[in-house]
Amino acid sequence: MKLAIAGKGGSGKTSISGTMERLLARSGHQVLAIDGDSNPNLALTLGIPPDSIGELPTLPRDLLLRTEDGPKLKQSLEEVCASHSLRGPDGVTLLVMAHPQHAGAG
Ligand SMILES: Nc1ncnc2c1ncn2[C@@H]1O[C@H](COP(=O)(O)OP(=O)(O)OP(=O)(O)O)[C@@H](O)[C@H]1O
Ligand SMILES: [Mg+2]
């Protein structure tokens with residue numbers, strides 16, 4: 001099952017997705033959470049300690065290759081997860097797409 005959650009700001013997307021992820025992982029499902037928010041805070045909802053959140057490795061921009069058959073990952077998902085994910089206390093694996101490092105021009 002793949003589930004994408006998007007919607008109005010402040011409507012509970014992070015709370016609902018994190019809760020569902022934790023419940024699914026607790027009941028034995030393998031859960032991969034991808035935080036695509038430019039202000040990522042799903043880690044907190046997943047119970048990942050604040051100390052490790054600052055060190056969360058984000059996905060490199062050049063991870064995707066454009067091919068005639070469509071986009072392809074440069075590495076396998078297992079390799080990406082081994083180097084770029086953190087695991088929450090209920091067993092959810094978290095990948096984060098981007099941390100803003102600094103403010104850019106508007
Ligand atoms: N079911 C709920 N009942 C009451 N408050 C809630 C509920 N779900 C979320 N909240 C609260 O509403 C606020 C916004 O929730 P959340 O951060 O999950 O929303 P969001 O859609 O991810 O927001 P953003 O667009 O800023 O990423 C938080 O303070 C959260 O604790
Ligand atoms: Mg959110």
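**Notes on the predicted model**

1. Let me start with the ligand. Ligand 1 is surrounded by Lys8, Gly9, Gly10, Ser11, Gly12, Lys13, Thr14, Ser15 and Asp37, where a residue is near a molecule if one of its heavy atoms lies within 4 Å of it. Sorted by class, this shell holds no nonpolar, six polar and three charged residues. In this scheme Ala, Val, Leu, Ile, Met, Phe, Trp, Tyr, Cys and Pro count as nonpolar, Asp, Glu, Lys and Arg as charged, and the others, Gly among them, as polar.

2. A word on the basis of these notes: this is a predicted model, in which local features need pLDDT of at least 70 and side-chain atom pairs count only at pLDDT 80 or more, while totals for chains, interfaces and linings use all residues. Residues are numbered from 1 along each chain as its sequence is written, chains are lettered from A and ligands numbered from 1 in the order in which they are written, and side-chain values use heavy atoms, with hydrogens and water left out.

3. Which atoms does the ligand meet? An oxygen atom of ligand 1 lies 2.8 Å from an N or O atom in the side chain of lysine 13. Backbone polar atoms take part as well: an oxygen of ligand 1 is 3.0 Å from one in glycine 12, and an oxygen is 3.1 Å from one in serine 11. On its own, ligand 1 has 630 Å² of accessible area, and the protein covers 41% of that (Shrake-Rupley method, 1.4 Å probe).

4. Now the overall fold. The chain has four helices and five strands, in the order α-β-α-α-β-β-α-β-β from the N terminus. These are DSSP runs, numbered from the N terminus: helices are H or I with at least four residues, strands E with at least two. The C-alpha atoms fill a box of roughly 40 × 35 × 30 Å along the principal axes. Of the 106 residues, 27% count as buried, meaning under 20% relative accessible area, with exposed over 50% and partly exposed in between (1.4 Å probe, protein chains only).

5. Strands E2 (residues 64–67) and E3 (residues 70–73) run antiparallel and are joined by four bridges; strands pair if DSSP finds at least two bridges between them. A hairpin of two residues connects E2 to E3, and threonine 67 has glycine 70 as its bridge partner in E3.

6. Which residues of helix H4 (residues 77–84) are buried? They are Val80, Cys81 and His84. These residues lie on the same side of H4 because they cover an arc of only 95° around the axis, taken from the directions from the helix axis to the C-beta atoms. Glu78 and Ala82, on the other side of H4, are exposed.

7. Please also look at aspartate 90, in the loop between strand E4 (85–87) and strand E5 (93–96). Its side chain makes a polar contact with the side chain of arginine 22 at 2.5 Å, and another of 2.9 Å joins the side chains of aspartate 90 and arginine 26. A polar contact is a pair of N or O atoms within 3.5 Å; within protein, one must be able to donate a hydrogen and the other to accept it, and residues adjacent in sequence count only if both atoms are side-chain atoms.
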